Amino acid sequence: MSTKVGMISLGCAKNLVDAEIMLGSVLRRGMEITSRAEEADVLVVNTCAFIDSAKEESIDAILDAHQRRGLSQRPNQKLIVSGCMSQRFSHELREQLPEVDAFIGLDQVSELGAIVESLVAGIGDPGSSKYRIGAAGIADAGYNFVTARPTYIPDYDTPRFRLTPPHSAYLKIAEGCNHPCSFCVIPQMRGKHRSRSPASVLAEIRGLVAEGVREINLISQDTTYYGMDLWPEKAGPRQPVDSSRGPTLTALLREIQEIEGDFWVRLLYTHPAHWSDELIETIAECDKVARYIDIPLQHIDESMLQRMRRETSRQHIVDLMAKLRAGIPDLAIRTTFIVGFPGETDEEFETLLDFIRRTRFERLGIFKYSQEEGSRAAKMEGQIPTKLKNTRYRVAMSIQQEIAHEIARQKVGRELKLLVDQPLIARTEADAPDIDTRVILSEPAPVGEFVRRRISDSRGYDLLA
């Protein structure tokens, strides 16, 4: 009987792609994937460590998995922990969670199959990155395969087991991040920015389109910096997209535009520092690029941007918003802001609220600041009490709720191109999977296809058609 592997994957779309690669490596080794944790010979918990609540969720999932293997009387079930929390805290977790059989990091995602084989067989030298078979075998719990400063990036031919619906996929174009944001520890976990080659990305897109994928979501920690690390001359932290200097996102988008097929590509996680007129013009000219920009701004007050080390200014952001609106007709802009960052005054918060009212973002998320261990901001004076963070969150979201409802009402009467997720549920170009709003259909439509429907009404955030 072949080994059965189950997975619980938490966190963002970037983590989801890692999960798909891990499961791809399991299938390549001839093992089975099961969605039932109690049936698994090996259960993998793919963790997130972005903010405290994500870490708590990850720990709970690990402990729950361990408890369930006792309840389902599978004492021989192996438990592996992967993902950002494993990458960052494997040494501490190994001491605190002796229940875990192995910890793997970001460099091991494509090698999960080999690690599972070693664990199940009880052989192999877990201290070796090549998993040489050792005389001692695997006898002790909590083996740590994690390597510091990860360098791995997937390629177009890396086996993947897609966890998204057949018509929608996430495509990771780069890994890591070079930005020094004071609230964030992602560069410490995922390493420096490293782009895939344009040829690798284009080969993967052609393959996905050939499989019938209608929506390709381009992701990385910093999508607008794509290709700049491959330039002959080093690109600075505020370097705008400039195709005269080497590979760029604009050049990639123009190549994608030439691929035959009916699909759209969506840009997620763009950084405001790298936007240029060239990139705006390219998106406007490429009809396969969704009129949707995800651009986390985090704040607008000048002193807050400096304390957050965002490498951009208020004026730059204001000018960029105007350029995006003028340059790309019917554009939907999604952003995120952080409230309750250390030292945020009432005046600075009011500045943010005023900006939200004026800019009228189609999609907006608010994060309550989380004091991340190891970040610069964690040591800053003026940490904001939880109660005040919660109040600011509610105030900001109530303003955005009104704006979003008004924008939804303005869509009534328009005929829009929709991507059908379920027979009676679809999304517009302005809606990314899982995080944005839906269009509820009055008549069923073919799942995974584009349809055109007239919007008849709105209900809160959602549209009716």
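Which residue forms a salt bridge with Arg160? The partner is Glu204, and the closest N and O atoms of the pair are 2.4 Å apart. A salt bridge here is a side-chain nitrogen of Lys or Arg within 4 Å of a carboxyl oxygen of Asp or Glu. Arg160 sits in the loop between β6 and β7, Glu204 in helix α6 (residues 198-210), and the pair links distant parts of the chain, 44 residues apart. Helices (H or I, at least four residues) and strands (E, at least two) are DSSP runs, numbered from the N terminus.

The model is predicted: local features need pLDDT of at least 70, side-chain atom pairs count only at pLDDT 80 or more, and totals for chains, interfaces and linings use all residues. Residues are numbered from 1 along each chain as its sequence is written, and side-chain values use heavy atoms, with hydrogens and water left out.

Arg160 is partly exposed because its relative accessible area is 23%. Glu204, at 9%, is buried. Buried means under 20% relative accessible area, exposed means over 50%, and partly exposed lies in between (1.4 Å probe, protein chains only).

The structure holds 34 salt bridges. Side chains of opposite charge can pair when their charged atoms come close. Arg29 lies in the loop between α1 (13-28) and β2, and Glu117 in helix α4 (residues 112-121); the pair joins distant parts of the chain, 88 residues apart. Arg29 has a relative accessibility of 42% and therefore counts as partly exposed. Glu117 is also partly exposed, with a relative accessible area of 35%.

A further bridge connects Arg363 and Asp431, whose closest N and O atoms are 2.7 Å apart. Arg363 is in strand β14 (residues 363-368) and Asp431 in the loop between β16 (425-428) and β17 (439-440), so the pair ties together parts 68 residues apart in sequence. Both Arg363 and Asp431 are buried.

Salt bridges also form a network. Lys4, Arg36, Glu38 and Glu39 are linked in this way. Glu39 lies in the loop between β2 (32-33) and β3 (42-47). With a relative accessible area of 29%, Glu39 is partly exposed. Glu39 and Val5 are 34 residues apart in sequence, and their C-alpha atoms are 8.4 Å apart in space.

Gln371 was placed relative to Thr3. The two are 368 residues apart in sequence and 41 Å apart in space, C-alpha to C-alpha. Gln371 lies in the loop between β14 and α12 (386-410). Gln371 counts as partly exposed, at 39% relative accessibility.

The axes of α10 (residues 314-327) and α11 (residues 346-359) come within 12 Å and cross at roughly 10°. Axes are lines fitted to C-alpha atoms, for helices over the stretch in contact, and angles run from 0 to 180 degrees between N-to-C directions. The two helices, α10 and α11, are therefore roughly parallel to each other. Angles under 35 degrees count as roughly parallel, over 145 as roughly antiparallel, 65 to 115 as roughly perpendicular and the rest as oblique.

Leu163 is found in the loop between β6 (143-144) and β7 (168-172). Leu163 is partly exposed, at 38% relative accessibility.
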